[in-house]
Amino acid sequence: MELALTGITKQFPGVLANDNVNLTVSEGEIVALLGENGAGKTTLMNILYGLYHPTSGTVEIDGKPVQFHSPGDAIKAGIGMVHQHFMLVPVFTVAENVILGDEPTKRAGIINRAKAKKTVTEISRRYKLDVDPDAIIEDLPVGIQQRVEIIKVLERQARFVVFDEPTSVLTPTEVEGFFEIVQSLKADGKGIIFISHKLGEALEIADRIVIMRRGKTVAEVLPRDVDEAGLAELMVGRPVDLVVDKAEAEPKDVVLSVEHLTVLDDRNRRAIDGVSFQVRSGEIVGIAGVQGNGQTELVEALTGLRTPLGGRVMLKGDDMTVASPRAMHQANVAHVPEDRQKSGLVLPFTVTENIVLNSYYERPLSRGVIMDWDEARDRATRLVEEYDVRTPGIEVPVSNLSGGNQQKVIVAREFDRDVALVIASQPTRGIDVGSIEYIHSRIVEERDLGAAVLIVSSELDEVMALSDRILVMYEGKIAGEFDATASTTEIGLAMLGSTEGQNEQAS
Amino acid sequence: MTDNGDAQTEPLVTEDSPPGDRSSMDRIAGVGSSLRQALLVPALAVLTALIVGAIIIAATDLDTLPLWGTDPGEAFRQTMSGIGKAYKALFVGSVGSPRAISETLFAATPLILAGLAVAVGFQAGLFNIGVNGQMHIGGMVALWVGFSVTLPAIIHIPLAIAAAIMGGAIWGGISGVLKARTGAHEVITTIMLNFVALFMVDYLLKTSVFQAPGRNDPISQKVNASAQFPTLIGDFRLQIGFFFSLAAVAFVWWLMYRSTIGFEFRAVGYNPHGGRYAGMSVAWIYLGVMAVSGGLAGIAGTNQILGLEPYRGISNFAGTVGFDAIALALLGRSHPVGVLFAGILFGALRAGGREMQGAAGVPIDLVLVLQALIIVMIAAPRLVRAIYRIKTPDQELSTTVSTGWGG
C-alpha cells in the first residue's frame, strides 16, 4: 500500500505554490514533511485532501490514480487529516463529535449513541488514547482534544493520516504522549505524514524526512544521516545559526521591578499570586513554564491590559501598576504580544497601517487629528528595509504576509524607538527558522543597547537560548530561578512544580 | 542577520491565505487602483436584480398570463413589450430629463446621508440599525430651531443642522455608552431606541411647543422660510441638501482615511482586541462611532424637515430611509464614495419607480421588490460570483458585516 503524489504543481495567480512536488508514504511509515512557512506544505496537503485541484500532477493510491473533488472523496479513499486548528463542536461530547457527519442510526433515523460510544471506546483502547467518550469537548485539555480528532480520523477508516503542525499546541509532556500515539498508529500499519517546522521532532519521530523549500521538494533524507543544523540548512537554503550568539550580559540599573504582584484571570482566580522579580537594564530574563501557569496574565498586568489585584509594578522608579497600555507605550515599553494575529496586528490593515498602529497619534505621524500618511509610509518603507520584512509592498494587507514577516512587522513597530523595556511573549511561535534567528538577534541587540528584556515562552529551548536569567512559573508563582547555565532537567523539574522548586519559593 | 540577497525569490505570500484574496484594496487612498474590482460585484448584483425583476413583471402580468396557453407567441411579445415599457419608464423617470435627474438627486439626498451613518458604523464594526431614531431626534431638533427663531438663512440653516447633529449624536451616543459600559449589543439598543424616538415624535408633535395651531393631529408648525433649504433650479425639488450630502461624503472620507479618529475607528472595527493592545480606548471609540453615526443621521433627519414640503414635522417623517440606508451601505461597501453612488442609484429607483407606476402601470411595490432583490444580491456576493463565475472572494464585505454582529 502506498500513497504517491507525483509531479504536483499548483499555480495560484502570481504564485507558484507547488512546483513539481513528489511525495510518497507507505503503510507503516512516518514521513515528516518539513519546510518553512510559505514553503508550500499546506497547499500540498490541501491538494491531497481534495480542497485544491492541482494545476498538474497526479495522486495515486496503490498505483491507481485518484481524483479528489472534495474532502469527502479523500476520506472515502482512506485519507485522514488532523488539522492544526481543531474542528470540534465544543459543547458536544467526544462520542458525538466523532460520529458527527457520519452518524450511526437506528430505525427512523434515531442516532445510535450506544454504538457511537462503543466505537470511541474501542478505538481509544486499541491505540491507548485514553479518552472518555462522554466527556464534553470544552472541558478537555488541548492534548486530549487532539486525540478526539485522531479518533475521528480512525473512525472513518483512514489508512493514511496527515498531521498538520500537530505539536504546536501541545505542552512538552503532551508531545511525548502524542509521539507514542503516532508510533502505535504506525505499528497498526497506517501511513503517516507529519507536517512540521520543528527540526528536533522530525528527527525523533520520522522514518524519512522530505524537505520543501519555495514550493519544491528539495531534499529527502533519513534521520540518521542528518542533524538539526543540517536540516535547518536544507529548509532555509543556507547555513543557519541555531545558537543565539550573544555576549555575557552586563546588567545595570533595575528597570522593571515587580513587587508581590497578584493578578486575577477572567474567571476571578489568582492567576498570579504574590510574584516578585526584577529585570535590569542590559539583561534578558526568561520566564519558562508550561502554558497556562499565569504567564498570559502576568504579561497583561505588566503591559497595562489587566489591572492587578495587589502588588506593584515599578518602571524605572515610577509606579505603573495601574497604567494604561498607552501609558506603558509612552514609557518606552515595547510589547510583542503572545498572539500576533489576535492582538498584535489588525490583519486587514496594510503594513503601513500596522507599523503606525500604536504611534499614529504622535508627531510626526499626525498633527492634532490629521494623519500624515506620507510620514507613515516613509516610516514603513524604512522599517521594512531595516527589519528585513519580506512583503510585496507597504500597502499590502499584513494578512498576506507569512507568519515570520508578520512578526517582524510587530518587532519593527515596537523596537523602533529608544526602548527601556521589552516584553516579548512567545516571540517566535509558529514562525520559520530564518525569522526566528532574526528576531532573536534583534532581541539581543536591544539588550546590548541597554534595554531590560523579559521573554515569556513556553518553548524551553527558546528561553534557554536567549535568557541570561531564567524564572520558572508554576501555578502563578515563581517556582525557581536559574542562571543561563542551568540544565534542562533542573528547569524541566521546576516547570512541573517539583517540591524542590516550591521549597525555594517558600523560603 | 539574514541574507538580503535572496529577498526577491522568497515566497511572499503565506500558504494559509488563499492567493485569490490579494485584491489589495488601497484603503488609505480609498477605492483607488482596484476600482473595477470594487464595482464589479455591485454592478452585477444590480443587473441580476433587474433581470429577476423582469421575470417578476412577466409573472405578475395577469392580463398576459392566460395568453401563454392559447398563443405563446403573442404572450411573449406582450410580456417583452411590458417589461420594455416598465424599464423604459424607470429610465426616463430617473435620468430621462432634467426634472427626472433633479428628482433622483432629491430622493438620493437623505439616503446618502443615512447611508453614511450606517457605513461609519460598519467600518468600526458596529451595526447601527438606529438611524431611523437618530433621524427623528435630529429632525425634531432642527424643526424646533427652524420655527422658533428667525435669523438670516446663512445662519439659520447651519444652526439648525448643527443642532440636529448634536441631537442625533446624543441619541446614537446612548447606544455607544451602553455598549461601552455594559456590553449591551448596539443592534438591540438601537432598534429599541428607534421605537422610543418614533413615539416621542408623535407625542411631541401634539404638545403645544410643536403642534400647529388649531390642529388636533400630530403635525407641527411650519418652519420659517429662512430655515427652509433653498431649491437650486427653477421649480425643481432638488435643494441645497444634496450639496450637504456631498459635503458629508467628503467629510466621512476625510474622517475615515485621513484622520487619527478614523484610523482608530477602522482598527477597532477590524480587531477590537488589537486596537486595545495598541493603546486605543475601545470604549471611547464605540461612543465616538455611535455619535458620529448618529450625527450624520441627524443631518438626514434635518433634510426630511427643512428640505421638503410641507416643511413641518409629521408622524414618522423619517419613513424607511433609515432602513434603506443599511442596504445602501452594504451596496456601497461601507465606503463613502460607494455610498454616494448607491444612494444615487436608490434615488433613481425611487424617482423612476413613480414614472413606472404612472406610465407603465407597474405597481410601485415592484420597485421596492427590485430594491430588495438588489439588496439580496449584494448581501450574497458569493451568489453573484457563482452566477457570473468570478473567482475573487469578496473579503471586504463579509468582514464588515460579520464584525457588525460580532460584538
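## A465 of chain A and its surroundings

A465(A) touches V243(A) and V244(A), leaving aside residues up to four places away in sequence. In this predicted model, A465(A) belongs to helix α16 of chain A, which covers residues 460-466. With 19 C-beta neighbours inside 10 Å, A465(A) counts as partly exposed, because a residue is called buried if 20 or more other C-beta atoms lie within 10 Å of its own. The C-alpha atoms of A465(A) and P251(A) are separated by 18 Å, and these two residues are 214 residues apart along the chain.

The domain assignment of chain A gives domain 1, residues 2-236, and domain 2, residues 254-506. The centres of the two domains, taken over C-alpha atoms, are separated by 33 Å, and the contact takes 9 residues from domain 1 of chain A and 10 residues from domain 2 of chain A.

The largest nonpolar core has 261 residues, and those with the most contacts inside it are F194(A) and V472(A) together with A114(B), L116(B) and A117(B). Helix α4 of chain B, residues 98-123, gives the largest share of this core, namely 14 residues. Domain 1 and domain 2 of chain A both give residues to this core, so the core lies between them. As for F194(A), not counting residues up to four places away in sequence, F194(A) touches I30(A), V31(A), A32(A), L33(A), F163(A), I205(A) and A206(A).

Just after α8(A) comes G237(A), which takes a positive phi of about 90°.

Helix α15 of chain A, residues 433-448, also pairs with helix α14 of chain A, residues 403-415: their axes come within 10 Å and cross at roughly 15°. The two helices α14(A) and α15(A) are therefore roughly parallel to each other, since angles under 35 degrees count as roughly parallel. The crossing in which α14(A) passes α15(A) is left-handed. On the side of α14(A) the contact is made by G404(A), Q407(A), K408(A), V411(A) and F415(A), and on the side of α15(A) by G434(A), S435(A), Y438(A), I439(A), R442(A) and E446(A).

## Chain B and its helices

The secondary structure of chain B comes to 16 helices and 0 strands. Of the 407 residues in chain B, buried residues make up 51%. Among the contacts in chain B with a separation of 6 or more, residues 24 or more positions apart account for 76%.

Helix α5 of chain B, residues 131-148, and helix α6 of chain B, residues 153-182, pack at an angle of about 150°, and their axes are 7 Å apart. Here α5(B) passes α6(B) in a right-handed crossing. The residues of α5(B) that meet α6(B) include G133(B), I137(B), G138(B), G139(B), A142(B) and G146(B), while those on the side of α6(B) include A160(B), A163(B), A164(B), G167(B), G168(B), W171(B) and G172(B).

## Backbone details in the loops

Two cis peptide bonds may be noted, one in each chain. In chain A, a cis peptide bond joins R363(A) and P364(A), with omega about 0°, and P364(A) lies in the loop between α12 (351-355) and β17 (366-367) of chain A. In chain B, a cis peptide bond joins E309(B) and P310(B), again with omega about 0°, and P310(B) is placed in the loop between α11 (282-306) and α12 (321-331) of chain B.

The loop between α11 and α12 of chain B also holds N316(B), whose phi is near 50°, a positive value in a residue other than glycine. With 13 C-beta neighbours inside 10 Å, N316(B) counts as partly exposed. In chain A, E475(A) has a positive phi of about 50° although it is not a glycine, and E475(A) is found in the loop between β21 (469-474) and β22 (477-483) of chain A. E475(A) counts as partly exposed, with 16 C-beta neighbours inside 10 Å.

Methods
Residues numbered from 1 in each chain as written. Chains lettered and ligands numbered in written order. Predicted model: local features only at pLDDT ≥ 70, side-chain atom pairs only at ≥ 80, totals over all residues. Helix = DSSP H or I, 4+ residues; strand = E, 2+ residues; numbered from the N terminus. Buried ≥ 20, exposed ≤ 12 C-beta atoms within 10 Å, placed from the backbone. Contact = placed C-beta atoms within 7 Å. Core = buried A, V, L, I, M, F, W, Y, C linked by C-beta atoms within 7 Å. Domains from an automatic or database assignment. Axes fitted to C-alpha atoms, helices over the stretch in contact; angles between N-to-C directions. Parallel < 35°, antiparallel > 145°, perpendicular 65-115°, else oblique. Left-handed = near helix turned anticlockwise from the far one by under 90°.
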